[in-house]
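Hi,

Here is the model I promised to pass on. Have a look at it first, and then read my notes below.

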Amino acid sequence: DEVFGSAYSAAIYISRILSLPKDKSTVFVLGESGIEIELDSESVPHIGGTLPPYNREMTPQDYTSIASGETLDPTVGVVLAGLDFHLNYLKLSTAFAYLQRGAKFLATNMDSTLPSAGSLFPGAGAMSAPLVAMMGGERPTALGKPSQAMMDAIEGKFHFDRKKACMVGDRLDTDIKFGIEGGLGGTLCVLTGVTRSEKAWEGEGKDVVPMAWVKELGDLRG
(Lines give C-alpha, C1' and ligand atoms only; values in the text may rest on other atoms or scores of the structure.)
Protein backbone atom coordinates (compact mmCIF):
# COMPACT_ATOMS: atom_id res chain seq x y z
CA ASP A 1 0.00 0.00 0.00
CA GLU A 2 3.01 2.33 0.26
CA VAL A 3 4.28 1.87 -3.29
CA PHE A 4 2.81 4.46 -5.65
CA GLY A 5 4.18 3.80 -9.13
CA SER A 6 3.53 5.75 -12.29
CA ALA A 7 1.31 2.99 -13.72
CA TYR A 8 -0.92 3.18 -10.64
CA SER A 9 -0.89 6.95 -10.91
CA ALA A 10 -2.11 6.64 -14.49
CA ALA A 11 -4.87 4.24 -13.46
CA ILE A 12 -6.03 6.65 -10.74
CA TYR A 13 -5.95 9.57 -13.18
CA ILE A 14 -7.98 7.70 -15.80
CA SER A 15 -10.58 6.31 -13.42
CA ARG A 16 -11.08 9.26 -11.07
CA ILE A 17 -9.97 12.43 -12.83
CA LEU A 18 -10.56 12.12 -16.58
CA SER A 19 -14.29 11.36 -16.22
CA LEU A 20 -14.44 9.54 -19.54
CA PRO A 21 -17.85 8.96 -21.11
CA LYS A 22 -18.99 5.33 -20.82
CA ASP A 23 -18.77 4.83 -24.56
CA LYS A 24 -15.11 5.97 -24.55
CA SER A 25 -13.82 4.34 -21.38
CA THR A 26 -11.45 1.72 -22.82
CA VAL A 27 -7.68 2.20 -22.75
CA PHE A 28 -5.33 1.03 -25.50
CA VAL A 29 -2.10 0.03 -23.77
CA LEU A 30 1.48 0.18 -24.96
CA GLY A 31 3.06 -1.68 -22.08
CA GLU A 32 3.41 -4.82 -20.03
CA SER A 33 1.28 -6.70 -17.51
CA GLY A 34 2.16 -4.29 -14.69
CA ILE A 35 0.12 -1.53 -16.34
CA GLU A 36 -2.75 -3.92 -16.99
CA ILE A 37 -2.81 -5.00 -13.32
CA GLU A 38 -3.03 -1.39 -12.15
CA LEU A 39 -5.84 -0.63 -14.62
CA ASP A 40 -7.67 -3.74 -13.44
CA SER A 41 -7.34 -2.54 -9.83
CA GLU A 42 -9.37 0.52 -10.81
CA SER A 43 -11.77 -1.47 -13.02
CA VAL A 44 -10.58 0.32 -16.16
CA PRO A 45 -11.21 -1.74 -19.33
CA HIS A 46 -8.21 -2.07 -21.63
CA ILE A 47 -6.91 -3.72 -24.79
CA GLY A 48 -3.49 -3.93 -26.45
CA GLY A 49 -0.64 -4.52 -24.04
CA THR A 50 0.12 -8.21 -23.62
CA LEU A 51 -2.88 -9.50 -25.59
CA PRO A 52 -1.69 -11.97 -28.27
CA PRO A 53 -3.55 -10.30 -31.21
CA TYR A 54 -1.25 -7.27 -30.85
CA ASN A 55 2.03 -9.12 -30.30
CA ARG A 56 2.82 -10.19 -33.83
CA GLU A 57 4.08 -8.86 -37.14
CA MET A 58 1.89 -6.50 -39.13
CA THR A 59 0.27 -7.96 -42.24
CA PRO A 60 -0.98 -6.28 -45.43
CA GLN A 61 -4.55 -6.85 -44.24
CA ASP A 62 -3.80 -4.91 -41.05
CA TYR A 63 -3.10 -1.74 -43.04
CA THR A 64 -6.54 -1.93 -44.63
CA SER A 65 -8.47 -2.86 -41.49
CA ILE A 66 -6.80 -0.21 -39.32
CA ALA A 67 -7.26 2.51 -41.94
CA SER A 68 -10.95 1.67 -42.34
CA GLY A 69 -11.44 1.32 -38.59
CA GLU A 70 -12.71 -2.23 -39.00
CA THR A 71 -10.40 -3.66 -36.31
CA LEU A 72 -10.51 -0.63 -34.02
CA ASP A 73 -12.53 -0.70 -30.81
CA PRO A 74 -14.97 2.27 -30.88
CA THR A 75 -14.93 2.46 -27.05
CA VAL A 76 -11.22 3.36 -26.86
CA GLY A 77 -10.86 6.86 -25.45
CA VAL A 78 -7.28 6.75 -24.16
CA VAL A 79 -3.90 5.63 -25.44
CA LEU A 80 -1.59 4.92 -22.49
CA ALA A 81 2.10 4.47 -23.29
CA GLY A 82 4.43 2.80 -20.82
CA LEU A 83 7.51 0.59 -20.91
CA ASP A 84 6.84 -2.13 -23.49
CA PHE A 85 9.44 -4.86 -24.03
CA HIS A 86 7.50 -6.11 -27.05
CA LEU A 87 6.76 -2.85 -28.86
CA ASN A 88 6.05 -3.43 -32.53
CA TYR A 89 4.80 -1.75 -35.68
CA LEU A 90 1.26 -3.10 -35.25
CA LYS A 91 0.91 -1.64 -31.76
CA LEU A 92 2.26 1.75 -32.87
CA SER A 93 0.00 1.82 -35.92
CA THR A 94 -3.05 0.96 -33.84
CA ALA A 95 -2.21 3.52 -31.16
CA PHE A 96 -1.67 6.19 -33.82
CA ALA A 97 -5.05 5.40 -35.38
CA TYR A 98 -6.79 5.87 -32.03
CA LEU A 99 -4.99 9.17 -31.42
CA GLN A 100 -6.02 10.41 -34.87
CA ARG A 101 -9.60 9.61 -33.91
CA GLY A 102 -9.43 11.77 -30.79
CA ALA A 103 -8.23 9.45 -28.03
CA LYS A 104 -6.44 11.14 -25.13
CA PHE A 105 -2.67 10.65 -25.12
CA LEU A 106 -1.22 9.61 -21.75
CA ALA A 107 2.11 8.18 -20.63
CA THR A 108 3.13 6.49 -17.39
CA ASN A 109 6.33 8.54 -17.48
CA MET A 110 8.66 10.23 -19.94
CA ASP A 111 12.00 8.74 -18.83
CA SER A 112 13.94 8.40 -22.06
CA THR A 113 16.29 5.81 -20.58
CA LEU A 114 16.47 3.40 -17.66
CA PRO A 115 19.63 2.11 -15.95
CA SER A 116 20.35 -1.61 -15.84
CA ALA A 117 23.45 -3.83 -15.70
CA GLY A 118 25.70 -0.79 -15.42
CA SER A 119 24.40 0.76 -18.65
CA LEU A 120 21.40 2.65 -20.05
CA PHE A 121 18.52 1.18 -22.03
CA PRO A 122 15.37 2.66 -23.64
CA GLY A 123 12.88 3.85 -21.03
CA ALA A 124 9.12 4.32 -21.09
CA GLY A 125 9.52 7.72 -22.73
CA ALA A 126 11.15 6.03 -25.72
CA MET A 127 7.93 4.07 -26.29
CA SER A 128 5.84 7.20 -26.75
CA ALA A 129 8.49 9.07 -28.76
CA PRO A 130 7.42 7.65 -32.16
CA LEU A 131 3.83 8.65 -31.45
CA VAL A 132 4.94 12.15 -30.45
CA ALA A 133 6.68 12.44 -33.83
CA MET A 134 3.64 11.09 -35.70
CA MET A 135 1.36 13.52 -33.85
CA GLY A 136 3.42 16.50 -34.95
CA GLY A 137 5.16 17.02 -31.63
CA GLU A 138 2.11 16.64 -29.38
CA ARG A 139 3.38 15.24 -26.09
CA PRO A 140 1.32 12.99 -23.83
CA THR A 141 0.17 13.94 -20.38
CA ALA A 142 2.70 12.14 -18.19
CA LEU A 143 1.58 10.59 -14.91
CA GLY A 144 5.02 9.82 -13.51
CA LYS A 145 7.77 12.00 -12.09
CA PRO A 146 8.07 14.98 -12.33
CA SER A 147 4.33 15.39 -12.94
CA GLN A 148 2.73 17.23 -10.04
CA ALA A 149 -0.51 15.43 -10.80
CA MET A 150 1.27 12.40 -9.41
CA MET A 151 2.39 14.32 -6.32
CA ASP A 152 -1.17 15.46 -5.66
CA ALA A 153 -2.42 11.90 -6.01
CA ILE A 154 0.20 10.62 -3.54
CA GLU A 155 -0.66 13.34 -1.03
CA GLY A 156 -4.35 12.62 -1.42
CA LYS A 157 -3.83 8.95 -0.58
CA PHE A 158 -1.20 9.12 2.16
CA HIS A 159 -1.97 12.57 3.66
CA PHE A 160 1.67 13.31 4.43
CA ASP A 161 3.34 16.59 5.34
CA ARG A 162 5.36 17.64 2.30
CA LYS A 163 7.78 19.66 4.41
CA LYS A 164 8.68 16.51 6.35
CA ALA A 165 9.34 14.42 3.25
CA CYS A 166 12.53 13.93 1.25
CA MET A 167 12.71 12.86 -2.38
CA VAL A 168 15.49 10.32 -3.01
CA GLY A 169 16.42 9.57 -6.61
CA ASP A 170 19.17 9.15 -9.17
CA ARG A 171 17.87 11.39 -11.95
CA LEU A 172 17.81 15.19 -11.93
CA ASP A 173 15.14 15.81 -14.58
CA THR A 174 12.57 13.49 -13.00
CA ASP A 175 13.31 12.51 -9.38
CA ILE A 176 14.91 15.68 -8.07
CA LYS A 177 12.73 17.99 -10.14
CA PHE A 178 9.69 16.13 -8.79
CA GLY A 179 10.73 16.86 -5.21
CA ILE A 180 11.63 20.50 -5.82
CA GLU A 181 8.47 21.40 -7.73
CA GLY A 182 6.39 19.45 -5.22
CA GLY A 183 7.66 21.58 -2.36
CA LEU A 184 9.18 18.70 -0.41
CA GLY A 185 11.38 19.42 2.58
CA GLY A 186 14.43 17.87 0.96
CA THR A 187 15.90 16.24 -2.14
CA LEU A 188 18.71 13.67 -2.15
CA CYS A 189 20.48 12.63 -5.34
CA VAL A 190 22.12 9.19 -5.38
CA LEU A 191 24.92 8.92 -7.94
CA THR A 192 24.34 5.29 -8.91
CA GLY A 193 21.89 5.72 -11.78
CA VAL A 194 21.47 8.20 -14.63
CA THR A 195 23.17 11.05 -12.76
CA ARG A 196 26.74 9.95 -12.06
CA SER A 197 28.47 13.10 -10.85
CA GLU A 198 27.73 16.18 -8.79
CA LYS A 199 29.08 18.17 -11.74
CA ALA A 200 25.71 17.57 -13.44
CA TRP A 201 24.18 20.46 -11.49
CA GLU A 202 27.22 22.66 -10.93
CA GLY A 203 27.47 26.07 -12.59
CA GLU A 204 25.22 29.07 -13.02
CA GLY A 205 21.70 28.84 -14.35
CA LYS A 206 21.00 25.30 -13.16
CA ASP A 207 17.43 25.20 -11.85
CA VAL A 208 17.40 21.58 -10.67
CA VAL A 209 19.86 21.27 -7.81
CA PRO A 210 19.45 18.66 -5.06
CA MET A 211 19.70 19.70 -1.42
CA ALA A 212 22.19 16.88 -0.80
CA TRP A 213 23.84 13.96 -2.58
CA VAL A 214 25.54 10.64 -1.83
CA LYS A 215 27.57 8.30 -4.01
CA GLU A 216 25.34 5.36 -3.05
CA LEU A 217 22.47 4.71 -0.66
CA GLY A 218 24.75 2.75 1.66
CA ASP A 219 26.51 6.02 2.51
CA LEU A 220 23.47 6.97 4.60
CA ARG A 221 24.40 4.24 7.04
CA GLY A 222 27.60 6.08 7.90
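Let me start with what I mean by a pocket: on a 1 Å grid over the protein atoms alone, it is an open set of points where a 1.4 Å probe fits, with protein on both sides within 12 Å along at least five of seven lines, and a lining residue has an atom within 4 Å of a point. Grid points are joined across faces, edges and corners, and a volume is the space filled by probe spheres set on the points. Rolling a probe the size of a water molecule over the atoms shows where empty space is left.

Please keep in mind that this is a predicted model: local features need pLDDT of at least 70 and side-chain atom pairs count only at pLDDT 80 or more, while totals for chains, interfaces and linings use all residues. Residues are numbered from 1 along each chain as its sequence is written, and side-chain values use heavy atoms, with hydrogens and water left out.

Two or more of the lining residues come from each of α1 (6-17) and α2 (33-41), with α2 giving the largest share, 3 residues. (Helices are DSSP runs of H or I with at least four residues, strands are runs of E with at least two, and both are numbered from the N terminus.) By class, this lining has 4 nonpolar, 6 polar and 1 charged residue. Here Ala, Val, Leu, Ile, Met, Phe, Trp, Tyr, Cys and Pro count as nonpolar, Asp, Glu, Lys and Arg as charged, and the others, Gly among them, as polar.

The largest pocket holds about 220 Å³ of space. It is lined by 19 residues, and N109, D111, K145, T174 and D175 are the closest to its centre. For the largest pocket, β5 (113-116) and α7 (172-181) each supply at least two lining residues, and the largest share, 3 residues, is from β5. The lining divides into 7 nonpolar, 7 polar and 5 charged residues.

Strands and sheets

Strands of a sheet pair through backbone hydrogen bonds, either parallel or antiparallel. I call two strands paired if DSSP finds at least two bridges between them.

β5 pairs with β6 (residues 119-122) in the antiparallel sense, over 4 bridges, and S116 sits opposite S119. That hairpin has 2 residues between its strands, and A117 takes a positive phi near 55 degrees.

β9 (residues 186-190) pairs on one hand with β8 (residues 166-169), parallel over 4 bridges, and C166 stands opposite G186. The chain gets from β8 to β9 through α7, and this β-α-β crossover is right-handed (with the strands pointing away from the viewer, the path from the first strand over the helix to the second runs clockwise). β9 also runs parallel to β10 (residues 212-214), with 3 bridges, and V190 has V214 as its partner.

What is buried, and the cysteines

Buried means under 20% relative accessible area, exposed over 50%, and partly exposed in between (1.4 Å probe, protein chains only). In β9, 5 of the 5 residues are buried: G186, L188 and V190 on one side, T187 and C189 on the other. A95, in helix α4 (residues 89-100), counts as buried because its relative accessibility is 0%. A95 and G48 are 47 residues apart in sequence but 8.9 Å apart in space, C-alpha to C-alpha.

As for disulfides (a pair of cysteine sulfur atoms within 2.5 Å), the structure has 0. The nearest cysteine sulfur to that of C166 is the one in C189, 11 Å away, which is too far for a bond. C189 is buried because its relative accessibility is 0%, whereas C166, at 46%, is partly exposed.

Cheers
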